[in-house]
Amino acid sequence: MTGSVPSFELLPGADDSPVLLHVPHSARTIPEEVRAGIVLGDPDLERELDHITDAHTAEIAERAAALAGLTPWRFVNRLSRLVVDPERFPDEREEMLAVGMGAVYTRTTHRGELRPAGTDPRPLVERYFRPYARAMTEAVAGRLAATGRAVIIDVHSYPAEPLPYELHAAGPRPPVCLGTDAFHTAPELAEAAGKAFAGCGGTGLDSPFAGTYVPLEFYGRDVRVGALMVEIRRDTYMTEPGGPAGPGLGRLASALATLVDTV
């Protein structure tokens, strides 16, 4: 674990592509100064990373970008979500605060202690969360300026069996869960995703995870910004938890490329 890698990376696509593949949770890297504030020993931290990391999703997005007829842009988090989770609200609006998983996690996937009680999240929010949010805002603005619209496709994964931190674990767990937003997910976008991933075992809407990620500058304000969350059940493409990818990865990358080309 090192502080030498960048916090995030914007990988350019075609000038006329409106699509931005967002990969926020694929990395395991934790800078040394952030590691010092985590109470878990190294073996327990590695196990937590196995459970919390959306393993291989950056590779799925990379392969999809290479397969797409018009190369999408990619915004990839290079640090673990245990540093900060860039998709959380940084304030009391975040429902995951109820389980210690706001923008800065204090609890683990199994509701154990990750950081000491009373940890001040503000230094990590300022150092990592806000620059990430600004850069994503600029990336979306760039697509709007170039093409007149932006389509954010969030690439995630989730475990086959619920983890104790999940707030909405009682519903279906389809091979591909499509998270939607009433304002930013047009019916045509959700329908295109359903068709694209139909050969990957089937899709469902907003269960076990709902919603989409849109930078706050545009959220609920700019209809030109479309968004969809793609949550892939991990047993369809990898060995859980934290194991190697299998042949399903290529099939999913191809499906994601089809979605990119459709939108």
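In this predicted model, Glu 59, Ile 60, Ala 61, Arg 63, Ala 64 and Leu 67 of helix α3 meet Leu 249, Gly 250, Leu 252, Ala 253, Ser 254, Leu 256 and Ala 257 of helix α6. Contact means heavy atoms within 4.5 Å. By class, this contact has nine nonpolar, two polar and two charged residues. Ala, Val, Leu, Ile, Met, Phe, Trp, Tyr, Cys and Pro count as nonpolar; Asp, Glu, Lys and Arg as charged; the others, Gly among them, as polar.

The axes of α3 (residues 57–67) and α6 come within 8 Å and cross at roughly 50°. That makes α3 oblique to α6. Oblique covers what is left after under 35 degrees (roughly parallel), over 145 (roughly antiparallel) and 65 to 115 (roughly perpendicular). Axes are lines fitted to C-alpha atoms, for helices over the stretch in contact; angles run from 0 to 180 degrees between N-to-C directions. Helices (H or I, at least four residues) and strands (E, at least two) are DSSP runs, numbered from the N terminus.

Now the sheet. Seven strands form an open sheet in the order β1-β3-β2-β4-β7-β5-β6, with mixed pairing. Pairing requires at least two DSSP bridges between two strands. β1 (8–11) and β6 (203–205) stand at the edges with a single partner strand each, so one side of each lacks a neighbour in the sheet. The twist averages 20° from one strand to the next.

β2 (residues 19–23) and β3 (residues 73–77) pair in the parallel sense over four bridges. Leu 20 has Trp 73 in β3 as its bridge partner. Helix α6 (residues 248–262) packs on the sheet too, touching β2, β4, β5 and β7. Its direction makes about 160° with that of β4.

Residues are numbered from 1 along each chain as its sequence is written. Local features need pLDDT of at least 70, side-chain atom pairs count only at pLDDT 80 or more, totals for chains, interfaces and linings use all residues, and side-chain values use heavy atoms, leaving out hydrogens and water.
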